[in-house]
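Here is a short tour of a two-chain model, written for someone who likes to know the cut-offs behind each term. Please keep the viewer open as you read.

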Amino acid sequence: MSMPKMFDARIEGDTLVVESLGNAGSLVGEEMAYELTGLLDQFEKSDLHGAVIDLRNSPYFGTSMLQVMTALWKRVRARGGTMAVCGLSDTGLEILQVTRFDTLWPICSSQEEALKAVAEP
Amino acid sequence: MTRVLVVDDSPVDLQLVGKFLREDSTLEVENAVDGADALVKMEQTLPDVVVTDLVMPEMDGLALTGVITEKFPLVPVILITARGNEEIAVQALHRGAASYVPKRRLADKLLDTVREVLRLSYRKRHQTQLMGCMTQHDCGFALDNDPGLIGALIAHLQDEAAQLGLCDVVEGTRLGVALEEALKNALYHGNLEIDQQLREQDKQAFDALVRERREQAPYRDRRIHVVAKLSPHGSTFEIRDEGPGFDVSILPDPADPASLEGTSGRGVLLIRTLMDDVVYNEAGNAVTLVKRRCSRTI
């Protein structure tokens with residue numbers, strides 16, 4: 001049995017926008033991470049410069065997710081771009097703050113704000 | 001008496017359904033003329049079961065089923081459907097309806113369906129009530145190295161903690177994240193002895209090694225032992241793997257700018273932040289997590 005799709009990805013200008021779909025009913029960090037790994041390839045093969053990760057439907061995540069987010073961010077940074085995160089729950093924000101990733105990625109309250117943050121030079 | 005709330009905008013149908021239900025003298029039938037009326041009446045006195053027509057103006061039976069399932073999860077809903085509405089009936093079942101009866105089968109099926117649904121509902125209600133009386137829950141697991149079991153175990157422990165009133169949704173989530181990190185450490189780094197660095201450098205190689213070691217001695221024979229002790233005042237979770245153990249003190253400091261881009265040490269940091277107390281054994285292959293009852297649930 002295959003896992004339900006957990007993320008949707010689309011391109012806005014030169015930014016990859018990744019949205020969680022809320023299919024993660026329980027902690028399934030490994031599956032989420034596995035699916036996000038496919039998005040890394042998508043970014044690698046394109047000429048995109050920025051990325052937005054919208055986690056509004058994923059109230060929690062652990063280090064598996066953080067690892068893939070870090071990997072995506074490194075690819076974005078290598079192209080001189082920015083990665084922003086939005087739609088965080090209180091717990092999601094706490095996780096980024098505890099792990100200090102909030103110092104690396106702009107944390108935005110909405111996808112629109114995140115897209116603006118990524119577009120800024 | 002068992003209360004049945006019948007919802008239908010047609011006075012004729014209300015009368016007809018009421019007639020079939022009153023054949024059972026233990027049932028007390030009350031009527032509502034539409035979905036809004038039904039919800040008002042449910043706020044006043046909770047029925048034991050709701051029987052609703054599908055097609056109604058404003059809020060139809062499908063929408064009403066959704067609202068009742070969310071607001072009154074212990075009250076079962078039975079839908080009455082007309083010919084050709086079978087697909088919608090299936091949708092209603094997905095939204096939480098307990099059952100449905102085709103209009104043309106009311107005479108021979110309605111009463112039996114109501115009785116069967118009530119029987120199941122009482123059982124569920126008593127189970128819920130019984131769980132509310134639980135004062136302590138201790139359990140133990142010996143998991144093999146299947147990552148798929150981790151999510152299932154966490155969901156089980158979160159449910160138990162919530163059942164005991166130990167934590168609200170937010171604290172339950174924090175508990176889940178900490179447990180996930182501790183269990184993944186026990187699985188990947190403890191039992192399978194795979195270095196975190198490999199995961200960061202080459203995810204595919206990491207996954208391949210996980211698959212290989214899950215089939216290979218001595219790794220495949222190792223288990224993750226979990227002992228959970230939950231009470232309304234707090235809980236402890238002892239997670240022990242059968243690996244050689246590790247020295248927690250040598251983990252890189254995630255706050256160090258030099259290690260900011262990696263994720264090593266962040267799992268342990270998360271565990272320490274999200275739990276009230278964290279103690280490793282001397283060998284470094286067992287960790288005890290302590291969660292006290294959060295003030296929001298007191």
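What follows covers conventions, sheets, helix packing and cores.

## Conventions

This is a predicted model, in which local features need pLDDT of at least 70, side-chain atom pairs count only at pLDDT 80 or more, and totals for chains, interfaces and linings use all residues. Residues are numbered from 1 along each chain as its sequence is written, while chains are lettered from A and ligands numbered from 1 in the order in which they are written.

## Chain A in outline

Chain A has four helices and five strands, arranged along the sequence as β-β-α-β-α-β-α-β-α. Helices (H or I, at least four residues) and strands (E, at least two) are DSSP runs, numbered from the N terminus. Of its 121 residues, 47% count as buried, that is, 20 or more other C-beta atoms lie within 10 Å of the residue's own, with C-beta atoms placed from the backbone.

Among contacts in chain A with a separation of 6 or more, 73% join residues 24 or more positions apart. Here a contact means that two C-beta atoms, placed from the backbone, lie within 7 Å.

## Two sheets in chain B

One open sheet of chain B has five strands in the order β2-β1-β3-β4-β5, with parallel pairing; strands pair if DSSP finds at least two bridges between them. β2 (27-32) and β5 (99-102) of chain B are at the edges with a single partner strand each, so one side of each lacks a neighbour in the sheet. Neighbouring strands are turned by 20 degrees against each other on average, direction ignored. Inside this sheet, β1 (residues 2-7) and β3 (residues 49-53) of chain B pair over four bridges in the parallel sense, and B:V4 has B:V49 as its bridge partner in β3(B). Helix α5 (residues 106-132) of chain B lies across β1, β3, β4 (77-81) and β5 of chain B, at about 175 degrees to β5(B).

The other open sheet described here also comes from chain B: five strands in the order β6-β7-β8-β10-β9, with antiparallel pairing. Its edges are β6 (137-143) and β9 (277-280) of chain B, each with a single partner strand, so one side of each is left without a neighbour in the sheet. The twist averages 10 degrees from one strand to the next. β6(B) and β7 (residues 224-231) of chain B pair in the antiparallel sense over seven bridges, and B:L143 stands opposite B:I224 in β7(B).

## Helix α7 of chain B and its partners

The axes of α6 (residues 147-163) and α7 (residues 169-191) of chain B come within 10 Å and cross at roughly 145 degrees. Axes are lines fitted to C-alpha atoms, for helices over the stretch in contact, and angles run from 0 to 180 degrees between N-to-C directions. The contact includes B:I154 and B:L157 from α6(B), and B:L179 and B:L183 from α7(B).

α7(B) also packs with α10 (residues 266-274) of chain B, at an angle of about 145 degrees with the axes 9 Å apart. Among the residues that meet are B:A178 and B:A182 in α7(B) and B:L270 and B:I271 in α10(B).

## Nonpolar cores

Which residues touch the most other members of the largest nonpolar core? Of its 66 residues, they are A:A51, A:V52, A:A84, B:A178 and B:A182. α7(B) gives the most to this core, with nine residues. Such a core is a set of buried Ala, Val, Leu, Ile, Met, Phe, Trp, Tyr and Cys residues joined through C-beta atoms within 7 Å.

Leaving aside neighbours within four places in sequence, A:V52 is in contact with residues including A:V17, A:A84, A:C86 and A:L115.

Conventions. A residue is buried if 20 or more other C-beta atoms lie within 10 Å of its own, exposed if 12 or fewer, and partly exposed in between; C-beta atoms are placed from the backbone.
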